[in-house]
Amino acid sequence: MAYPALPIPREEEWPFDPPPEYAELRATSRVVRVACPTGIDAWLVSDYAGVREVLGDGRRFSVQPGTASHVLHGFDPEAPPRSFTQMDGPEHIRIRRNFAPQVTHTRRLAELSPLVEQITEDAIDRMLASPQPYPLHSQFSTAITTGVIAELIGVPPEQRHLMRDAASALFTGATTPKELEAALEPLFGYLYQAVASRRDEPGDDVLSRMIVHSRDAERPLTDAELTTMNGALLIAGFDTTASMITYGLVALLSTPGQWDRLVADPSLAASATEELVRYLGVGLGLLRRATVDVELSGQQIKAGDYVVAAVQSGNRDKSLYPDADVLDVARKPGAHLGFGHGAHACVGQQIARMELTTVLGALARRVPSLRIAVPLDEIAWKQDTPVRGPAELPVVWQ
Amino acid sequence: MKVTVDRDMCIGAGNCVLTAPAVFDQDQEEAIVVLLDETPPPSELTAVREAVDRCPAAVIRLET
């Protein structure tokens, strides 16, 4: 039997909102069967409590199929796990523990803050010296986030194109598993060599720190694990954050009063960041697989069935905020699902927060006259990718 | 109010430290949660509730 299709964001029609089908599903907490773009059928969970329950319970809802295998053809949800992103329980925790001291420790973040500020100020200097209209996504957002994560991991400028090549293949829905492997090879080959050389001569970068940190562990990280972990940080670290900077700016500049409010008080950058991630994040949802028979909102789900947690829809639930469909840069930051939830919640979330907050605050201070150079309906949006946002954004200022 | 944490399942996301810094910290080596105050004063209740809500790994328990 053919099920209705998974509702996919169509930004050209609703630039900032989940498809309208979600409103009724969410209001009634209904869990329905849908057909996903990659050919698998899944149960769709759309309300805040349901999404939080699915993502928060790795015992009953496994990440083994890969969180985007409902939309990316490069991943076979039936295949054995490729990396820690598809592991559950203690085995995943063992790997994940190596990220926290480097990228989510609050004291480490304080050390990294000057680097992010410098890269941001430099990018604004270059922007202000450039002709208009200025292609903000490629020249500004992506340049900043690529610079930050490459500096963190110690990837020299001449190798940074490897990150972009890998991400463009990884986040394109049309890539086959074989093509994907070929596209990732150059970056992973480079990283594998970097692991070897930094084992001999560790520096102050994240990769070296992971090597040193894991050396005394019961089971030190292998070269292959270090390569995968740092590859994941590099790829996920710049494309997702760059997209959120650009997408977030479109939302701020197009929603009456929101940009003006930030310009009037740039200290709202932190709450604006949290709000944009809540409002816009993860429009395609995250895939899980039931490990046992479970019941969600009265719906029986069998062990082995796929489940899509509709993150953006969940974040618009009236149980979270009565006005959850309103974008409000001054909303007091609270719990939301925009960085995911559970043991696999975004490992780079504190760095992403820092980058977004720094960039939004600096732009509001230094380029208050910023505006989009074209009407909203002429913006080209990325297609076939779980990392949503404009493909490019021409901007002007006075 | 009594607070407990499960360090074995903590992923070191750091949200609790940002939300309730008087009650939570992260250890230097692993960035895993450290409970600074098991019985915080009532003035911390809102912040601790929010830390429970914002912990991705659900390792903070609060009894009131």
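1. Basis. This is a predicted model, in which local features need pLDDT of at least 70 and side-chain atom pairs count only at pLDDT 80 or more, while totals for chains, interfaces and linings use all residues. Residues are numbered from 1 along each chain as its sequence is written, chains are lettered from A and ligands numbered from 1 in the order in which they are written, and side-chain values use heavy atoms, with hydrogens and water left out.

2. Interface extent. Chain B puts 26 residues in contact with 23 residues of chain A (contact: heavy atoms within 4.5 Å). The two chains bury about 2,000 Å² between them (buried area: the accessible area, 1.4 Å probe, that two parts lose on being put together, summed over both). Carbon and sulfur atoms give 44% of that area. On the chain B side, B:Ile11, B:Arg54 and B:Pro56 supply 28% of what chain B buries against chain A, more than any other three residues.

3. A:Arg107 and B:Asp25 meet in a salt bridge at 3.5 Å, N to O.

4. The chain B side. Three elements of chain B, α1 (15-19), β2 (24-26) and α2 (45-54), each supply at least two residues to the side that touches chain A. Helices (H or I, at least four residues) and strands (E, at least two) are DSSP runs, numbered from the N terminus. α2(B) gives the most, with 4 residues.

5. A:Gln132. This residue lies in the loop between α5 (106-128) and β4 (134-135) of chain A. A:Gln132 is partly exposed, at 37% relative accessible area (buried is under 20%, exposed over 50%, partly exposed in between; 1.4 Å probe, protein chains only). Beyond its neighbours within four places in sequence, A:Gln132 is in contact with A:Val396 and A:Trp397. A polar atom of its side chain lies 2.8 Å from the backbone nitrogen of A:Trp397.

6. The sheet. In chain A, 3 strands form an open antiparallel sheet in the order β4-β10-β9. β4 and β9 (371-372) are the edge strands with a single partner each, so one side of each has no neighbour in the sheet. Strands pair if DSSP finds at least two bridges between them; β9(A) and β10 (residues 394-396) have 2. A:Arg371 stands opposite A:Val396 in β10(A).

7. Helix α3(A). The buried residues of α3 (residues 89-96) are A:His92, A:Ile93, A:Arg94, A:Ile95 and A:Arg96. They pack against α4 (100-103) and α10 (223-254) of chain A.

8. Helix α9(A). Of the 10 residues of α9 (residues 206-215), 7 are buried, so the helix is largely enclosed by the rest of the structure. Among them are A:Val206, A:Met210 and A:His213. The cover includes α4, α5, α6 (136-153), α8 (177-200) and α10 of chain A. A:Asp205 caps the N-terminal end of α9(A), with a side-chain oxygen 3.2 Å from the backbone nitrogen of A:Leu207.

Definitions and conventions
Salt bridge = Lys/Arg side-chain N within 4 Å of Asp/Glu carboxyl O. Polar contact = N/O pair within 3.5 Å; in protein donor to acceptor, adjacent residues only side chain to side chain.
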